[in-house]
Amino acid sequence: MPNASFRLDPAFTIAPVSRRTFGSFVEHMGRCVYTGIYEPTHATADADGFRQDVLALTRELGVSTVRYPGGNFVSGYRWEDGIGPVADRPVRRDLAWHSLETNEVGIDEFMRWAGKAGVEVMYALNLGTRGVAEALDVQEYLNHPDRTRLAELRRSHGADKPYGISMFCLGNELDGPWQTGHKTAYEYGRLAAETARAMRAAEPDLELVACGSSSSSMPTFAAWESEVLELTYDQVDYISAHAYYEPFDGDIGSFLASAVDMDHFINSVVATADSIGAKLKSRKRLKISFDEWNVWYQTRFQATRETEWQVAPRVIEDSYNVTDAVVVGSLLISLLRHSDRVTAACQAQLVNVIAPIRTEPGGPAWRQTIFHPFAITSRLAKGAVLRVEPDSPVYATERYGDVPVVDAVATHDPDSGDVTIFAVNRSQDSATDLTVSLAGFGGALRVAESWTVHDDDPNATNTATDPDRVTAVPLSPASLSSASLSSASVADGELRVSLAPVSWTAIRLTPGE
Ligand code: AHR
């Protein structure tokens with residue numbers, strides 16, 4: 001059996017785990033909002049019309065931050081349509097997704113939902129069809145305490161206290177020709193800089209995100225970041241990154257290696273941002289908000305795009321299999337590994353639309369396969385991210401050349417002493433033995449819990465009628481050997497684990513015999 005190994009040491013840290021790494025995304029798109037989080041006629045709906053089954057799953061997923069209200073949708077959105085008496089709200093065309101927006105859910109409803117879900121809101125501004133004035137208006141409505149027209153309007157709608165949003169996205173994917181109000185880097189950079197400057201005049205400590213490229217395969221990638229950041233560097237804290245992965249022509253080997261691409265993408269954005277910092281003689285270091293990432297079978301979507309104007313049509317309701325879950329787990333490993341620069345990330349999206357949670361109108365809500373690595377990583381990644389350099393066999397891929405079979409990251413919580421290892425085995429052929437040396441830890445460690453996502457059928461999915469076909473299960477004692485950890489001297493301690501083919505695994509070690 002192939003072998004991989006690495007050594008962990010609490011002295012070699014990358015950065016603290018940022019809770020915002022476990023963000024998600026709610027866009028007014030398809031059935032994410034309507035019949036996703038909100039369905040007043042549903043049996044589980046609360047007094048505000050929110051599905052409590054979805055709220056419970058959102059909490060279980062361990063979501064920290066939710067980006068709202070789009071996405072491509074936001075670039076044509078008028079936030080004022082979604083406030084005040086629902087009966088007076090207009091129905092509008094959503095040009096991004098060719099559907100009708102009823103505006104039954106707007107800012108105040110969403111903030112109530114976020115309170116119930118226990119999540120922070122990252123608010124995305126419309127810099128497609130709108131500009132500085134409208135950004136200032138929505139900021140005033142959200143964050144100004146009282147006495148101004150829009151603060152008093154919010155209060156009259158029942159929100160006495162300001163919402164205190166601290167993180168705003170300055171638009172969405174404005175490099176993309178599909179975006180309503182698409183712009184050149186210069187046009188966007190100037191608008192983003194002036195919007196940021198104006199918003200900071202009211203609240204200097206806001207955390208502002210400039211739009212990076214909508215993917216690293218855009219022809220303008222890196223040139224867009226350079227020009228935008230030259231214009232905005234002093235005004236923003238983050239540059240965004242978006243990436244979606246899927247297998248092309250059945251090439252599962254490359255698909256399983258998607259995190260190699262994410263690593264390269266992050267490194268490229270960091271290099272570009274730092275080069276602008278150097279050029280501007282600035283000591284400030286920008287962070288990355290990876291505010292859209294996931295597996296998305298985009299090629300299927302292009303073939304099935306809706307043409308009728310409908311309210312909440314079924315759009316990109318991808319059904320995820322075991323391989324997709326392993327890829328999602330590996331993308332989380334990549335995000336954690338870059339915690340020194342990536343301090344916010346949003347899996348796109350939360351419900352129904354390329355999402356870990358699925359619902360049926362009037363029916364059940366269930367966990368897709370990709371729910372499990374996200375929920376477990378969010379729950380177990382605590383403290384500091386440790387530097388991991390796996391020594392692993394490699395396999396050949398079409399897209400990325402030779403790729404390590406095993407990828408991994410680890411966290412160490414100095415308060416509890418817990419060490420958690422997250423690992424994937426990308427081999428489609430065989431299990432791989434992983435040995436982790438814990439020589440740097442000064443006391444005995446024992447396995448407190450272990451979870452793996454694997455199935456003999458890597459195409460297995462969860463459905464409304466078989467919602468738990470694929471779950472995370474504890475590793476069997478046969479695949480986990482920790483006997484040496486309970487020896488008196490942890491300096492010689494090793495964790496040995498057998499990783500099944502195409503699997504994602506998390507193991508939490510805790511101090512004790
Ligand atoms: O998440 C789906 C879409 O993907 C978003 O609306 C857009 O920003 C991205 O292209």
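This is a predicted model: local features need pLDDT of at least 70, side-chain atom pairs count only at pLDDT 80 or more; totals for chains, interfaces and linings use all residues.
Q: What volume does the largest pocket have, and which residues are closest to its centre?
A: Its volume is about 920 Å³. There are 42 lining residues, and Ser214, Ser215, Tyr244, Trp296 and Gln298 are the closest to the centre. Two or more lining residues come from each of strand 10 (238-245), helix 7 (252-256), helix 8 (258-279) and helix 9 (298-303).

Q: Where does the ligand sit?
A: Look in the largest pocket: that is where the ligand sits. Around the ligand you will find Phe25, Glu27, Gly71, Asn72, Trp97, Asn172, Glu173, Tyr244, Glu292, Trp296, Gln349 and Ile354. By class, this shell has 5 nonpolar, 4 polar and 3 charged residues.

Q: How far is the side chain of Glu27 from an oxygen atom of the ligand?
A: For polar contacts, look for pairs of N or O atoms within 3.5 Å. An N or O atom in the Glu27 side chain is 2.6 Å from a ligand oxygen atom. Glu173 places a polar side-chain atom 2.7 Å from an oxygen atom of the ligand, and for the side chain of Tyr244 the distance from an N or O atom to a ligand oxygen is 2.8 Å.

Q: How much of the area of the ligand does the protein bury?
A: Start from the ligand taken alone, which exposes 290 Å²; the protein buries 95% of that.

Q: What can you tell me about the second largest pocket?
A: It holds about 240 Å³ of space. Its lining has 14 residues, of which Gly76, Tyr77, Arg92, Arg93 and Asp94 are the closest to the centre. Strand 5 (residues 92-94) gives the largest share, 3 residues. By class, the lining divides into 4 nonpolar, 4 polar and 6 charged residues.

Q: Is the peptide bond from Tyr68 to Pro69 cis or trans?
A: Most peptide bonds are trans, and most residues other than glycine have a negative phi. The Tyr68 to Pro69 bond is cis, with omega near 5 degrees, and Pro69 lies in the loop between strand 4 (65-68) and strand 5. The bond from Ala348 to Gln349 is cis too, with omega near -5 degrees. Gln349 lies in the loop between strand 13 (342-348) and strand 14 (357-359), and is one of the residues surrounding the ligand.

Q: Is phi of Thr35 positive or negative?
A: Thr35 has a positive phi, near 70 degrees. You will find Thr35 in the loop between strand 3 (23-25) and helix 1 (52-61).

How values were computed: Residues are numbered from 1 along each chain as its sequence is written. Side-chain values use heavy atoms; hydrogens and water are left out. A residue is near a molecule or strand if one of its heavy atoms lies within 4 Å of it. A polar contact is a pair of N or O atoms within 3.5 Å; within protein, one must be able to donate a hydrogen and the other to accept it, and residues adjacent in sequence count only if both atoms are side-chain atoms. Accessible areas come from the Shrake-Rupley method with a 1.4 Å probe; for residues, only the protein chains shown count as cover. On a 1 Å grid over the protein atoms alone, a cavity is a set of points where a 1.4 Å probe fits but cannot get out, and a pocket is an open set with protein on both sides within 12 Å along at least five of seven lines; lining residues have an atom within 4 Å of a point. A molecule sits in a cavity or pocket if more than half of its atoms lie within 2 Å of its grid points. Ala, Val, Leu, Ile, Met, Phe, Trp, Tyr, Cys and Pro count as nonpolar, Asp, Glu, Lys and Arg as charged, and the others, Gly among them, as polar. Grid points are joined across faces, edges and corners, and a volume is the space filled by probe spheres set on the points. Helices (H or I, at least four residues) and strands (E, at least two) are DSSP runs, numbered from the N terminus.
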